Every structure is written in C-alpha cells, then in structure tokens.
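Please look over the structure below. A short report on its parts follows.

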Amino acid sequence: MADQMEYIIPPWEIEAFVQSLNVSDLENIGTKNWLEFHKKLALLNQQSVLEITGLREESVMEWFTSLKKIPILVYEAIQIDIWKHKVFPLLIDLNDEPTNTFMLYSVLYHEVIVVSLLENILFHCEGAQTVDDMVIDLIDYTVQRVTTLLDGKTIDIYEKSEIKDANSCLEEIVEKQKAFEFDIGMRCISILHYLIEILDSLPLCAVSRMLAIHDIPYLLAQLIESQPWKKQNEDGEAMTYEASWRKIKANEIGKINKREGQVWFGLRELLLNPKCSPYYEITEHRLSQLSKLQRHLHEDVLDQIAPLIELKRWLSYLNISPAMPSSDSTCPVRVEVIPQIKSTILEKYHKKWKKLARHQSKYLFTTDTSYIKDAAQILSDVYDLEKLDRIEAKKCSLCQEPSKKRCSRCKEAWYCSRECQVKDWENHKNICNMTTETKQ
C-alpha cells in the first residue's frame, strides 16, 4: 500500500512563506501578483490541514504566531467579504456571463482559505492572543458570517430566474459561492468559540463587543434552536456537516456534532463567567430566548458534556428569579474601540467601486489566452489533485474507518490496514484492473 506524501511545503520553506506575507490591495485582485499571494496562502492552508490530520507539529501555526502574521488573515477575510458585496455584482453587470470560472472561483475561495487558516491557528490560545487590536474586527466579521447561517441568505448576484442558462458559468459560480458561504459560517462558529475560550485574556472592549453590541448568547441560543449543522437529504436520511455533508451512521444518532458542542461551550462561558455579567443584563426578551435552551439540555446532552449541568442549573434559577442584577450594581464604564479594517477599506474606495470593477474586469474577465494560461500555471500547484488527496480525510473502503494508505496499483481505494485491503480484494480487483488499464 502507498503512504501519503509527508508535506505540501517543505518544512524549511514554511518560515519563508509566512515571513513574505503582507496584506494585499483590493485593486490588485486578479493580477498575477495577487494570484501568487493567493497560492501561498492556499498552500499554507493545505500544509496546516496536513499537520493537524497527521497529528504532527503544527509549524504553520507556530510561524504565523511568532511572526505576528495572523492580522493579515483577518484583513484578507474582511477585504474579500467587502469585494463580494461591492465589486462582484458590478463585475457581472459590466461583463455579463464569464467565459471561465476559475478566476472568479479563486477570489471567492480566497476567503475560505484565510478563514480555514484562522480556524486552525486560533485553536491554540497563543495564536488567538496575538490577534491584538484586530480582535474587534474579527468579532464583527465572525458574528456577521455566523448570522448568515440563521437567515440562510447569501449574496446572490442574480436570482435563478435571471440566469439565462442553468448550466452557465455564472450559475456554477453562484452555486459554489453558496457552498463557500455556508462553510465559512461553520468555521466562524469555531473561531468565535476559540475567542470566547480566552475571554479572560481579551481586552474589556472585546467582552463588551460580544455581549453589549452583538448579544452573542442570543445568537448562540438561536443556533441551538435552528441546528444548521444538520439536515435531511432527498432520501430522508440524516446528514451532519463537518468539512462537508455526510450521512449520520447508526451508532452516531444522538451524538453531539462538533459545532453544536462549540456553541454549548460558548454559551456556558458567556453566561457563567463573572467577567461577563456586568456587560449582560438579563432583559425579558433575552430571558424568553435563553429559557428555550432548557428543553435541549436533556440527559443525552448532559451525559456527553457534563459541564452543561451548571448551565442548566443557572437557567432554572433564572426562571425562578429572572431579575438577576450584575455583581456590580452600577453599569461598568465602557470603552468602545471602533473596528478599523472595514471602515478604512470602505472609506478608501467610496464612490470608486465602478472604477475598481472596470479595472478588475481586465484580469477576471480576460479573453487573453496567454494571461489565462499564466494564471492557470500559477494556480496549478494549489489545485493539484495529488496534493488535495493528501489533505482530504479518507475512509477505508471496507470498514469506513479513517485511512491513510491506498492501493498502490490504482491509487483510488483507501484502507486503514493491510487486513482490510486483503478482505476487500475480491470486490476491488475488477475495478482496480480497469482503473489501472485506463490510466496506462
């Protein structure tokens, strides 16, 4: 059986990759320089995923943290989000149907990459603590993205009725965009959870932002009610979302999804942490929403997350004595820090969005075959199927357990052990022979 390769970026190059990163300019999106920048971030993300799934030393996280490059990821996520709302619709209006999807796809995918990197890096508290002054911008961004999971709204450029051809490039981009928006929202649940976990080391303005401005406990309670990480497929089978949608196995029924667990832990911390109570007055409206959580805190949930017993007791007490004054009867002095990234970008390009869209049309809607070939060459490393195979979680063809080895002949079937491969050979050999012959 063939083992997966050991790395996406050679270990000795990771520091240089991270060191060379700087925030991009909005007007450069689509240029060759921007595509090179996109490629670096994509490869770093792939390397980070490989390190995490392989349970090895997380070099990418360590270099982003020690070189203080995490704010670049926050900036990039916010910048692409602005681009989607302000420039993307104008590009479509100016150019109509795109002739290819990979240029626009790369810009939309850029946000997924930076959010994925943020999710991986901020899992470690030392990473989360180096966000520094941009923590307010990050809180605003994650809250906005998580909220889209509740209202189901993405930034559709056109309604389906306005897309002339259902198989068009535009339709393909819109569908991809919807999938990206959902994935980003799910990853932002994790990021929000990691920030809440280090609440005691965050500045008070961040605590105030979470509670007094955004009312994150209310948002998390709505997530528990709506359960966006679960759905039924067309056959009525229960599905759960991890990195993608998959069927829930019989032995997983009733098991708490990773995101749901993060939401519960976030709620417990925000509602029970004494540092939070001065910033979170329990109003009648909040009480009515938080009280709904009690019906979800049944024995199955409490058995899986024992610390939620304290939350259940707190909610019971809240219903008996709803007027719960904060530990300090006087309202704390609130020093509000204004988020800088979004307002700075919006101010810089105020009334210049059309000009920006016309400028980017030259790159994103180009028909120059030499430019398209050069762009494709730059991105070929990013979308290399061999590399993507290495970072995608594989399941054993026989027992469905996580696998890291595959058939050395056809390189299509994955197995967790030699024993499973031998047992499955009778089923696999015909497909293996056909696949191998086809490739030859």
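## Helix α3

Helix α3 spans residues 59-66, and S59, V60, M61, F64 and T65 are buried in it. Buried means under 20% relative accessible area, exposed over 50%, and partly exposed in between, with a 1.4 Å probe and protein chains only. Helices (H or I, at least four residues) and strands (E, at least two) are DSSP runs, numbered from the N terminus. An α-helix has 3.6 residues a turn, so residues three or four places apart point the same way.

The cover over the buried residues of α3 includes α1 (11-19), α2 (32-53), α4 (70-86), α6 (102-122) and α7 (125-128). Just after α3, K68 has a positive phi of about 55°.

## The model and the whole chain

This is a predicted model: local features need pLDDT of at least 70, side-chain atom pairs count only at pLDDT 80 or more, and totals for chains, interfaces and linings use all residues. Residues are numbered from 1 along each chain as its sequence is written, and side-chain values use heavy atoms, with hydrogens and water left out.

The protein chain has 20 helices and 8 strands. Of its 440 residues, 50% count as buried. Contact means heavy atoms within 4.5 Å. Among contacts between residues at least 6 apart in sequence, 76% join residues at least 24 apart. The chain exposes about 22,100 Å², and carbon and sulfur atoms supply 52% of that area. Accessible areas come from the Shrake-Rupley method with a 1.4 Å probe; for residues, only the protein chains shown count as cover.

## Nonpolar cores

A nonpolar core is a set of buried Ala, Val, Leu, Ile, Met, Phe, Trp, Tyr and Cys residues joined through side-chain atoms within 4.5 Å. The largest has 122 residues, and F64, W83, M210 and W264 have the most contacts inside it. Helix α9 (residues 169-197) gives the most to this core, with 14 residues. Another core lies apart from it, with 7 residues, among them C407, C410, A413 and Y415.

What does W264 touch, leaving aside neighbours within four places in sequence? Its contacts are I224, L293, H296, L297, V301, I305, L308 and L311.

## Aromatic pairs

Rings of Phe, Tyr and Trp (its six-membered ring) pair if their centres lie within 6.5 Å; planes under 30 degrees apart count as stacked, over 60 as edge-to-face and the rest as tilted. The count is 10 aromatic pairs. One of them, W83 with F88, is stacked, at 5.2 Å centre to centre and 15° between the planes. W83 counts as buried, because its relative accessibility is 0%. F88 is buried too, with a relative accessible area of 0%. Elsewhere, Y105, Y109 and F180 form one aromatic cluster.

## A buried lysine

K39 is found in helix α2. Is K39 buried or exposed? K39 is buried, because its relative accessible area is 18%. Not counting residues up to four places away in sequence, K39 touches I378, D381 and V382.

## The cavity

A cavity is a set of points on a 1 Å grid over the protein atoms alone where a 1.4 Å probe fits but cannot get out; lining residues have an atom within 4 Å of a point. Grid points are joined across faces, edges and corners, and a volume is the space filled by probe spheres set on the points.

The whole structure has 1 cavity of 30 Å³ or more. The largest cavity holds about 30 Å³ of space. I189, L192, H193, I196, L220, Q262, V263 and G266 line it. Elements that give two or more residues to this lining are α9 and α12 (258-272). Helix α9 gives the most, with 4 residues.

Terms used
On a 1 Å grid over the protein atoms alone, a cavity is a set of points where a 1.4 Å probe fits but cannot get out, and a pocket is an open set with protein on both sides within 12 Å along at least five of seven lines; lining residues have an atom within 4 Å of a point.
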